[in-house]
Amino acid sequence: MPHTAFRPEPAYHHGQPARTAIVLVNLGTPDEPSAPALRRYLAEFLSDPRVVEIPRLVWLPILYGIILRVRPAKSAAKYQSIWMPEGSPLAVWTARQARALSADLAGRGHHVEVLHAMRYGQPSVAQVMDEARARGATRVLVVPLYPQYAGATTGSVADAVHRWALDARWVPELRSIGQYHDDPGYIAALAARLQRHWQQQPPADRLVLSFHGVPRRSLHLGDPYFCQCHV
């Protein structure tokens with residue numbers, strides 16, 4: 001059966017120039033540090049089969065019968081301890097990062113729309129892709145803010161973008177960044193950040209770097225995250 005339920009597109013004018021947008025995508029955050037908001041956020045996050053690779057018939061009763069009854073209140077208390085006046089730290093800093101990138105590109109003479117989205121929570125990937133199209137973007141570069149590739153993070157962002165494209169009449173030219181853990185510019189930025197910190201604070205005896213853990217099974221199934229963390 002042919003697809004007829006395409007979302008409305010911005011009006012097209014003959015000869016209008018192509019425009020480029022960059023969409024930075026971070027993991028996500030609840031709207032507020034409350035148990036109901038955490039329940040909504042965790043339900044979306046933990047029901048993603050990319051995140052929890054357990055058969056749905058087994059996992060969903062555990063998620064909705066146990067985890068979403070117990071964990072939201074505990075997580076809300078932790079969020080309350082770090083919540084900023086402007087909102088969630090992750091949301092605040094991601095928005096600042098998008099604005100800083102926009103300003104830097106403008107200073108270099110690049111007329112690019114820079115937007116930010118959350119894979120789980122607001123603003124959603126679909127909402128931001130709609131906004132990019134509303135601003136006339138015909139090319140979109142999706143940048144998941146995860147240096148290493150993992151199916152549960154970068155792969156899930158790709159799922160959301162492609163799901164949005166299913167209902168788009170005019171699918172823009174899409175490109176995405178898969179990983180950048182070993183990019184010289186990224187490494188140089190990390191080194192510069194540490195040097196600035198050490199100029200303000202005496203260097204410590206040890207530098208501790210942390211990574212998210214993933215199940216060993218992910219490595220055996222072909223996920224490169226573990227190996228990329230060791231490069």
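Leaving aside neighbours within four places in sequence, M118 is in contact with V25, N26, L27, G28, L90, A91, T94, P123, S124 and V125. Contact here means heavy atoms within 4.5 Å. M118 lies in strand β2. M118 has a relative accessible area of 1% and is buried. Buried means under 20% relative accessible area, exposed means over 50%, and partly exposed lies in between (1.4 Å probe, protein chains only). M118 and S218 are 100 residues apart in sequence, and their C-alpha atoms are 23 Å apart in space.

The model is predicted: local features need pLDDT of at least 70, side-chain atom pairs count only at pLDDT 80 or more, and totals for chains, interfaces and linings use all residues. Residues are numbered from 1 along each chain as its sequence is written, and side-chain values use heavy atoms, with hydrogens and water left out.

The chain has 8 helices and 4 strands. Helices (H or I, at least four residues) and strands (E, at least two) are DSSP runs, numbered from the N terminus. From that terminus on, the elements run β-α-α-α-β-α-β-α-β-α-α-α. The C-alpha atoms fill a box of roughly 60 × 50 × 40 Å, taken along the principal axes. Buried residues make up 35% of the 231 residues in the chain. Among contacts with a separation of 6 or more, 72% join residues 24 or more positions apart. The chain exposes about 14700 Å², and carbon and sulfur atoms supply 59% of this area. Accessible areas come from the Shrake-Rupley method with a 1.4 Å probe; for residues, only the protein chains shown count as cover.

The 4 strands form an open sheet in the order β2-β1-β3-β4, with parallel pairing. Strands β2 (112-121) and β4 (173-176) stand at the edges with a single partner strand each, so one side of each has no neighbour in the sheet. The twist averages 25° from one strand to the next. Two strands pair if DSSP finds at least two bridges between them. Strand β3 (residues 139-144) runs parallel to β4 and is joined to it by 4 bridges. V140 has L174 of β4 as its bridge partner.

Helices pack on this sheet. Helix α3 (residues 89-107) touches β1 (20-29) and β2, and its direction makes about 165° with that of β2. Helix α4 touches β1, β2, β3 and β4, and its direction makes about 160° with that of β2. Axes are lines fitted to C-alpha atoms, for helices over the stretch in contact, and angles run from 0 to 180 degrees between N-to-C directions.

R133 belongs to helix α4 (residues 125-134). R133 counts as buried because its relative accessibility is 5%. Beyond its neighbours within four places in sequence, R133 is in contact with E9, P10, W164, W170 and P172.

Helix α2 (residues 56-82) is not straight. Helix α2 has 27 residues, but its end C-alpha atoms are only 33 Å apart, short of the 39 Å that a straight helix would reach at 1.5 Å a residue. The expected span is 1.5 Å times one less than the number of residues. A kink of about 55° is centred on I67. The bend at a residue is the angle between axes fitted to the seven residues ending there and the seven starting there. In α2, W59, L63, I67, L68, P72, S75 and A76 are buried. These buried residues pack against α1 (35-46).
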